[in-house]
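Work through the exercises below with the sequence and the model in view. Each task is followed by its solution in steps.

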Amino acid sequence: MAISLRGLLEHDELDLRPLTEHSHRDGMVITWGAVTELLDPSQFLTGREIVLTTGVRQKTKAAQRQFVHVLAANDAVALGFGTGLEHDSVPQATVDAAREVGLPVFEVPYQIPFAAITRLIAEALNSDHLKRVESLLKSHQKLAQTLLSSDLDSMLEELERMLGTQVALTLHGEVISGDYDPARSWHERPVATGLRDKCTLHIAEPYVHQQVVDYAQSLIGLELANKSRLRASQRHANGQVLEDLAGGALVGADAAGRLGALGLNTQREHSVILVQAPSQIERLQTLPLPSDLSSQVSAIIDGRLAIIVAHSKVQLSVKHLDEYLLAAGIPARVGYGGRYPNTTGIRWSYFEALESLRHGERVNEPTKLSLTSLLLAAHDVPLQDLAIEVLGPLQEFDASHDSDLLLTLSEYLNRDGSVGAVAESMGLHRNTVRYRIQQISDLSGYDPNVTSDRVQLWIALSALELG
């Protein structure tokens with residue numbers, strides 16, 4: 001380890017001769033040996049070093065005393081005074097001033113070069129540095145081996161043993177590893193995952209920085225990034241199964257077998273939760289789920305995140321999920337379906353969740369399925385093409401004339417064809433509403449007053465909203 005003042009003075013080969021009391025600083029570690037002949041070397045001192053001089057410029061007692069005071073003010077460990085050149089012995093003024101300020105002084109005989117002292121200090125520092133590096137490398141290796149052979153939780157437990165204090169890991173405020181008590185005082189270190197996830201490593205106070213923590217941060221970041229890539233791949237694969245189930249291509253024993261391979265017991269009741277965030281689809285592919293949903297099967301289907309929930313506390317999980325998405329900065333709508341058993345039940349719950357999203361709220365409760373919603377969910381029905389064909393002319397007219405034909409049509413259908421109700425809701429004259437209905441009929445080719453045409457317009461509008 002680095003050499004102390006006692007170790008330096010007691011070194012046999014140096015023959016250093018203490019001239020003042022030094023026991024109060026015997027255990028102080030020496031950080032360096034500074035050789036100087038300046039009268040004021042303060043700008044070159046960093047503290048905790050041995051200062052070596054021959055006093056060439058210290059011609060007067062005042063200069064000798066001033067030099068000692070400068071060293072004391074800059075936290076020098078001791079003064080080594082070389083004799084046999086400018087001074088045959090250490091000046092008495094230097095010794096007296098050193099005793100006044102408590103600075104140890106020792107004589108360096110002529111035959112002992114200053115380089116021998118600085119080399120001894122450097123070798124001790126280098127040896128200490130090598131030991132720290134070896135210890136750090138062993139710690140790195142131990143952490144990496146623990147992560148590779150076990151998991152992230154085990155690695156953090158190993159880090160706790162190394163630091164001698166508690167550690168925990170949170171993601172968007174959700175604890176994903178360790179025992180995190182927010183009432184306790186923690187040192188926080190951000191963890192870079194390569195994604196936009198806010199991950200934090202918490203280390204219980206009191207904490208003194210150790211380099212192994214930097215390495216642990218990197219390992220955690222790499223592990224979470226790897227898990228995210230694996231999660232995205234798994235969700236896309238799961239989405240293929242759920243898409244086949246929803247589309248009716250997967251039924252009976254085949255459906256039970258493929259869902260069973262995902263870890264679903266089709267004899268139990270399940271509910272499907274859907275998360276819709278068109279601008280955040282990349283994050284939904286990789287986003288870790290809150291603790292109460294992390295063990296559930298998740299999938300990406302039609303640009304939405306689907307979570308197939310087996311437990312009964314679905315509403316609580318949905319509320320928790322909504323809070324989690326807000327903390328993650330993801331503006332999303334969440335919908336969910338009812339709980340049903342077997343493969344048909346999962347399909348039915350999925351359609352209910354899809355239907356609930358049409359309510360447009362941040363959290364949407366399930367409602368009874370309609371034939372319209374089932375049509376909209378069918379992949380082999382070209383409803384989007386129908387919507388564009390029927391409503392495209394209205395969209396173009398609204399864009400070029402700054403009008404509200406689409407909004408008027410939506411209000412008209414939602415209010416059961418009541419001209420008076422539409423006029424009141426939109427603040428229009430009834431004749432204006434009638435004129436717009438005629439424009440809609442002329443442009444689209446479908447008359448909102450005819451039942452069959454009204455159905456066509458309703459399905460087209462629903463498909464447009466869903467798209």
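**Exercise 1: Two annotated spans**

Residues 10-124 are 30% helix and 17% strand, with end C-alpha atoms 14 Å apart. Helices (H or I, at least four residues) and strands (E, at least two) are DSSP runs, numbered from the N terminus. This is a predicted model, in which local features need pLDDT of at least 70, side-chain atom pairs count only at pLDDT 80 or more, and totals for chains, interfaces and linings use all residues. Residues are numbered from 1 along each chain as its sequence is written, and side-chain values use heavy atoms, leaving out hydrogens and water.

Step 1. Residues 254-358 are 42% helix and 24% strand, and their end C-alpha atoms are 31 Å apart.

**Exercise 2: A helix pair**

Task: describe how helix 5 and helix 6 are arranged.

Step 1. The axes (lines fitted to C-alpha atoms over the stretch in contact, with angles from 0 to 180 degrees between N-to-C directions) of helix 5 (residues 152-163) and helix 6 (residues 211-246) come within 11 Å and cross at roughly 175°.
Step 2. Helix 5 is therefore roughly antiparallel to helix 6, a label for angles over 145 degrees.
Step 3. Residues in contact (heavy atoms within 4.5 Å) include Leu156 and Leu159 of helix 5 and Leu219 and Ile220 of helix 6.
Step 4. The contact residues are twelve nonpolar, no polar and two charged. Here Ala, Val, Leu, Ile, Met, Phe, Trp, Tyr, Cys and Pro count as nonpolar, Asp, Glu, Lys and Arg as charged, and the others, Gly among them, as polar.

**Exercise 3: Strand 12**

Task: decide whether strand 12 is mostly covered or uncovered, and find its partners.

Step 1. Six of the six residues in strand 12 (residues 304-309) are buried, meaning under 20% relative accessible area with a 1.4 Å probe, protein chains only.
Step 2. Arg304, Ala306 and Ile308 lie on one side, and Leu305, Ile307 and Val309 on the other.
Step 3. Strand 12 pairs (at least two DSSP bridges) antiparallel with strand 10 (residues 269-276) over five bridges, where Val272 has Ile308 as its bridge partner.
Step 4. Strand 11 (residues 297-301) is also joined to strand 12 by five antiparallel bridges, and Ile301 is partnered by Arg304.
Step 5. Two residues separate strands 11 and 12 in their hairpin, where Asp302 takes a positive phi near 55°.

Methods: Angles under 35 degrees count as roughly parallel, over 145 as roughly antiparallel, 65 to 115 as roughly perpendicular and the rest as oblique. Buried means under 20% relative accessible area, exposed over 50%, partly exposed in between (1.4 Å probe, protein chains only).
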